[in-house]
Amino acid sequence: MYKILANTLFLGKDVIYLPDCHSTNQMAMEMLKDKKVAEGSVVITDHQTKGKGQRGNTWESQEGKNLTFSIILMPRFLDAMDQFYLNMVVSISILEAIDDISAGLKVKWPNDIIHQYDGKIAGILIENIISQSKIESAVIGLGLNVNQRYFQTETATSLSNLSGFDFDKHAIFEKLIQKLEFHYLELKKGNRKSIKDQYLKNMYRYHEMGDFEDKEKFKGKILGVKEDGRLIIEKDTGSQNYYAFKEVKFL
């Protein structure tokens with residue numbers, strides 16, 4: 001059972017615990033539409049049967065082993081074209097919550113937290129409701145692999161695998177919510193440069209040569225991200241290219 005958080009201003013003051021559900025994002029969306037939840041509410045489960053990932057993928061999570069939850073925000077101060085700042089806020093919050101557990105963690109554009117040698121440890125799925133060019137509300141889905149040791153895919157890992165220890169999920173949950181509230185309020189204050197600088201500092205392959213694929217395979221280095229979230233890659237030919245989600249692959 002997850003308790004209401006005492007050390008936050010509004011995030012986690014309403015924690016809706018479901019022993020199992022198909023998707024916390026879908027449940028949160030339904031609650032939003034029915035106007036049954038306030039900003040800062042969290043929907044969390046120990047067993048997500050149809051967790052959603054980016055590009056229509058599913059999120060693998062063993063029952064009771066990991067953190068799978070969704071947070072409801074109402075960032076009406078944010079233009080729709082700037083919605084990637086929410087992604088940056090969530091990414092750096094996850095890193096700060098778990099960086100004392102393992103070194104070598106990076107943000108892999110657009111929405112994964114990875115260990116640069118051992119695979120994916122967390123995924124982010126943000127679904128926004130837009131009204132008059134502003135973000136009316138946002139459901140932020142998080143999956144963080146904590147104590148799961150075995151995965152069907154070789155590209156996934158967990159805090160337990162990286163450290164050799166099991167962890168108190170609730171303690172990690174509390175720390176993550178606190179970090180997220182802090183950075184979200186920084187975004188609300190307009191401190192965008194600081195947020196973007198932290199995101200780029202922790203970005204996988206930032207200013208490093210690597211292999212990618214768009215319509216063809218190529219070598220290039222990431223120069224940053226545009227305000228709208230497009231990835232900036234300089235190819236080894238010298239050309240600068242901008243990629244939206246699904247338009248480029250890391251090889």
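In which helix is Lys196 found? Lys196 lies in helix α5, which covers residues 192–201. The model is predicted, so that local features need pLDDT of at least 70 and side-chain atom pairs count only at pLDDT 80 or more, whereas totals for chains, interfaces and linings use all residues. Residues are numbered from 1 along each chain as its sequence is written, and side-chain values use heavy atoms, with hydrogens and water left out.

The protein contains 5 helices and 12 strands (DSSP runs, H or I of at least four residues for helices and E of at least two for strands, numbered from the N terminus). Its radius of gyration, taken over C-alpha atoms, is 18 Å; this is close to the 18 Å given for 251 residues by the globule rule, so the protein is as compact as a globular protein of that length. The rule is 2.2 Å times the number of residues to the power 0.38. Of the 251 residues, 51% are buried (under 20% relative accessible area, with a 1.4 Å probe and protein chains only).

Lys196 is itself buried, with a relative accessible area of 17%. Its contacts (heavy atoms within 4.5 Å) include Tyr85, Met88, Val225, Lys226 and Glu227, residues up to four places away in sequence not being counted. The side chain of Lys196 reaches the backbone oxygen of Val225 at 2.8 Å. A polar contact also joins the side chains of Lys196 and Glu227, at 3.0 Å; such a contact is a pair of N or O atoms within 3.5 Å, and within protein one must be able to donate a hydrogen and the other to accept it, while residues adjacent in sequence count only if both atoms are side-chain atoms.

Technical notes. Buried means under 20% relative accessible area, exposed over 50%, partly exposed in between (1.4 Å probe, protein chains only).
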